[in-house]
Amino acid sequence: ELIDPSGPVSEQEVKYLLDEIEKHIDSVKIVAICGTHPPGAETLYLDIANIVAKKKEKGGECMLYLDGFQKVTSLLESGAVSIYKVALYELLSLIGLDRSDYDQAAQLMKAREIMFERYPNLKWIAVTDGPNTAYLFHNISLTGSCEKSIWKYNVKQLQKEEVVNPIGAGDTVGGVMMAKFLENGDMPMAFRWGLSAATAKCKLPSAGGIFNGDDLEECLMQTEVH
């Protein structure tokens, strides 16, 4: 994960990273881009997208997952991103809506419409809001089907004394969600697992995506999907 602000990276460091991605691209099915690129790597995300695109042009299977909202407009416009995980306040900021004055349901539907209109190649948008209701949007225009396109998740609510350290919960959502999606291709189920793992992670002091299996099972059972 690349997090801004940070010190600048050199051209050689960027090249090394891209070379490593290109070297291993044939063995992966999802490439995840998380956070904001550091100074000196302004074209990094688009370069990664090009590597993914080349694999797909050759008939390979690969999806680009994005978790970030600063300096990602050109990447979204490239049409390379298939899965976009974003916090609610980040999504509204990205499309110019004001969170302080909105009907959540109406604003979310408007945001969904705007995002799929601006970025028609997006297949999935997963919207988180801390412990509050999360949403998953599917762009059915890409499949031409009449299948379900909106899922609403009411995650398990932790008591104040149960929350030990929420840092890293967002990354936990993405990591577990992508792992489960790779297992069976069921994104609505995968997002449920990611949200539940993130909730379980908050109960432990570690900052990374570490959680207790029993806590995960409890969160899964108490996460409602509509």
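**Close-up views of a predicted model**

**View 1. Met 187 in helix H7.** At a relative accessibility of 1%, Met 187 falls under the 20% limit and therefore counts as buried. The model shown here and in the other views is predicted. Met 187 belongs to helix H7, which covers residues 187-201. Leaving aside residues up to four places away in sequence, Met 187 is in contact with Ile 83, Trp 124, Leu 136, Met 177, Met 178 and Phe 181. Val 28 lies 159 residues from Met 187 along the chain, and the C-alpha atoms of these two residues are 18 Å apart.

**View 2. Packing of helix H7 against helix H8.** Helix H7 (residues 187-201) and helix H8 (residues 213-221) meet at an angle of about 125°, and their axes are 8 Å apart. The crossing of H7 with H8 is right-handed. On the H7 side the contact is made by Arg 192, Trp 193, Ser 196, Ala 197, Thr 199 and Ala 200, and on the H8 side by Asp 215, Leu 216, Cys 219, Leu 220 and Met 221. Seven residues of this H7-H8 contact are nonpolar, two are polar and two are charged.

**View 3. Asp 215 in helix H8.** Asp 215 sits in helix H8 and is one of the H8 residues that meet H7. Its relative accessible area is 14%, under the 20% limit, so Asp 215 is buried. Apart from residues up to four places away in sequence, Asp 215 touches Ala 200 and Lys 203. Of these, Ala 200 is among the H7 residues in the contact with H8.

**View 4. Leu 204 in the loop between H7 and H8.** Leu 204 is placed in the loop that runs between H7 and H8. With 24% relative accessibility, Leu 204 lies between the limits of 20% and 50% and therefore counts as partly exposed. Its contacts, without residues up to four places away in sequence, are Val 164, Asn 165, Ile 210, Phe 211 and Asn 212. The C-alpha atom of Leu 204 is 8.8 Å from that of Glu 162, a residue 42 places away along the chain.

**View 5. Packing of helix H4 against helix H5.** Helix H4 (residues 88-95) packs on helix H5 (residues 104-118) at an angle of about 55°, with 10 Å between the axes. This angle makes H4 oblique to H5. H4 and H5 cross in a left-handed manner. Leu 88, Leu 91, Leu 92, Leu 94 and Ile 95 of H4 are in contact with Gln 104, Leu 108, Ala 111, Ile 114, Met 115 and Arg 118 of H5. Nine residues of this H4-H5 contact are nonpolar, one is polar and one is charged.

**View 6. The largest nonpolar core and a separate core.** The largest nonpolar core contains 40 residues, and those with the most contacts inside it are Ile 48, Leu 64, Leu 76, Tyr 84, Met 115, Leu 122 and Val 127. Helix H2 (residues 44-57) contributes most to this core, with six residues. Apart from this core lies another, of 24 residues, including Ala 169, Phe 191, Ala 198 and Cys 202. Leu 64, in the largest core, touches Val 31, Ile 33, Ile 48, Ala 49, Val 52, Leu 75, Ala 80, Val 81, Ser 82 and Ile 83, not counting residues up to four places away in sequence.

Technical notes:
Residues numbered from 1 in each chain as written. Predicted model: local features only at pLDDT ≥ 70, side-chain atom pairs only at ≥ 80, totals over all residues. Heavy atoms only, no water. Core = buried A, V, L, I, M, F, W, Y, C linked by side-chain atoms within 4.5 Å. Buried < 20%, exposed > 50% of the residue type's maximum accessible area, 1.4 Å probe, protein only. Helix = DSSP H or I, 4+ residues; strand = E, 2+ residues; numbered from the N terminus. Contact = heavy atoms within 4.5 Å. Axes fitted to C-alpha atoms, helices over the stretch in contact; angles between N-to-C directions. Left-handed = near helix turned anticlockwise from the far one by under 90°. Nonpolar A, V, L, I, M, F, W, Y, C, P; charged D, E, K, R; others polar. Parallel < 35°, antiparallel > 145°, perpendicular 65-115°, else oblique.
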